[in-house]
Amino acid sequence: GSGGGPAMAQPDEPQPTVVPSCPLPSKICDVVRSERPRSCCGMAMAGFRTSKYQVPEWHRRNAGVYYKAFTASEEAERGRAESQHLMKHAAASAQRAQEYSKTTLGQRLQDIHFWRVELQKEIMELDAETNLLAAQKLRLERALDATEVPYSVVVDNLECRERRQPPDLVIDEVERQLLKEADLIRDIRDLLKRTIIQATTQIRSNRIQKENCELDWSDKVETYHIDDKCVSYCTDSTNVQFHPSSVKFKENASTPKSWAQFSHDNISSAEQEKLASVQLRSLINNIIHDASEDLRMQRAAVNEAFDNRCRELDDAKLRLEQHLEQILKDIANEEANIVNLKKAIRDKEAHLKVAHTRLFDRSFRPNIELCRDEPQFRLISEVEELTVLLEALKRKLMESEQNLKNLEETRMKLEKEIAVKANSIFIDRQKCMSYRVRYPVDLEVASYK
């Protein structure tokens with residue numbers, strides 16, 4: 001405030017005569033009466049004398065009035081000097097205070113602008129990152145869709161191969177590789193589904209964090225407009241008025257440190273989400289690439305197993321056909337042999353009939369003529385020889401017929417085996433391998449379509 005300087009009396013000024021401020025006597029009749037000689041009209045004039053002052057009293061009173069006027073004038077002059085000084089001081093202080101407030105508001109505007117720009121940059125970066133992650137999520141979904149055909153192909157292959165006939169219904173390398181491929185595709189599908197969920201969660205986190213930053217940014221923009229308006233206010237402004245209630249600090253008001261920390265934390269959280277999102281995108285790239293590579297290699301392994309198996313089946317079928325060819329020749333030869341044996345038997349039976357007829361006719365020779373002569377011995381010997389030969393031929397015929405039967409059975413077995421092999425070849429080559437042509441070549445390529 002204002003100092004006490006101007007209120008002090010100047011030492012050069014002459015000091016007025018000090019009159020004691022004692023109360024004036026109300027009546028002086030007694031003193032007057034005692035001083036003056038008695039007269040006859042004393043009592044009559046007493047009324048005029050009692051209400052009047054004495055000359056010294058009159059002078060004293062005037063001096064008092066002058067002094068009061070002089071001190072009042074001096075006090076007023078001193079007050080005016082103090083007022084002038086106070087007004088000048090108040091004007092300068094008010095101007096200084098307003099300028100300082102304006103400067104601090106200006107600095108505050110810079111701070112708000114800084115954080116507003118930082119938040120805006122973070123919002124744009126996070127938005128761009130979220131869009132990139134959404135694109136990667138779409139790739140995962142396409143890759144997942146692309147695994148449906150391979151899986152249906154593998155399942156179809158396994159089901160088709162169940163229709164192989166018993167001798168060929170073996171757990172071969174093809175079956176092992178197909179089962180391995182089915183497991184691989186299931187694993188890849190599970191991994192892709194889990195990663196899609198992870199990407200969805202990360203996109204949600206990104207959007208929540210972006211929203212936090214946007215709310216903060218929006219508050220900063222609003223505050224910037226308010227403070228910018230405050231900077232423009234001056235004493236000439238028409239829209240200023242008294243608001244005594246707003247002088248107090250609000251209970252929920254933040255401190256500059258907590259205010260800056262809030263935006264810093266928002267940006268920091270956004271940066272963390274952005275970093276997590278970038279890492280997840282990289283992970284998705286690797287997952288799609290690795291899955292595609294694993295699937296491609298497994299597909300090649302299955303195709304190679306099919307090729308090998310089909311070659312084995314072709315070789316087995318060819319060898320069976322060669323054996324069948326030989327068996328058919330043997331059957332023809334055996335049939336011819338049987339025909340020859342039957343003819344030989346018929347021939348020998350004709351000879352036996354001749355010999356039997358000769359012996360029968362000679363048995364009718366009369367009396368002594370029924371002689372055991374040389375022809376008789378010869379005929380009996382011939383019958384015995386022919387009987388032995390016929391038995392041998394008939395045994396051989398039976399053997400040949402049995403052989404023919406065996407050959408026929410073998411032929412039927414071989415034909416059945418050839419049919420089984422042909423069925424297996426048809427399933428593996430025509431059904432399975434031709435169906436596998438529909439298999440997408442590359443998951444990675446499919447993920448971009």
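## Model and confidence

This is a predicted model: local features need pLDDT of at least 70, side-chain atom pairs count only at pLDDT 80 or more, and totals for chains, interfaces and linings use all residues. Residues are numbered from 1 along each chain as its sequence is written, and side-chain values use heavy atoms, without hydrogens and water.

The chain has an average pLDDT (the predictor's confidence in each residue, from 0 to 100) of 86, and 88% of residues score at least 70. Helices are DSSP runs of H or I, at least four residues, numbered from the N terminus.

Residues 27-35 stay under 50. Where pLDDT is low, the predicted coordinates should not be read in detail.

## Largest pocket

A pocket is an open set of points on a 1 Å grid over the protein atoms alone where a 1.4 Å probe fits, with protein on both sides within 12 Å along at least five of seven lines; lining residues have an atom within 4 Å of a point. The largest holds about 570 Å³, a volume being the space filled by probe spheres set on the points, which are joined across faces, edges and corners.

Its lining has 15 residues; Leu105, Cys230, Tyr233, Val240 and Gln241 lie nearest the centre. Helices H3 (55-146) and H5 (173-232) each give two or more. H3 gives the most, four.

## Second largest pocket

This pocket has a volume of about 480 Å³. Its lining includes Leu105, Arg108, Asp227, Phe249 and Trp259. H3, H5 and helix H6 (256-362) each give two or more residues.

Terms used: Contact = heavy atoms within 4.5 Å.
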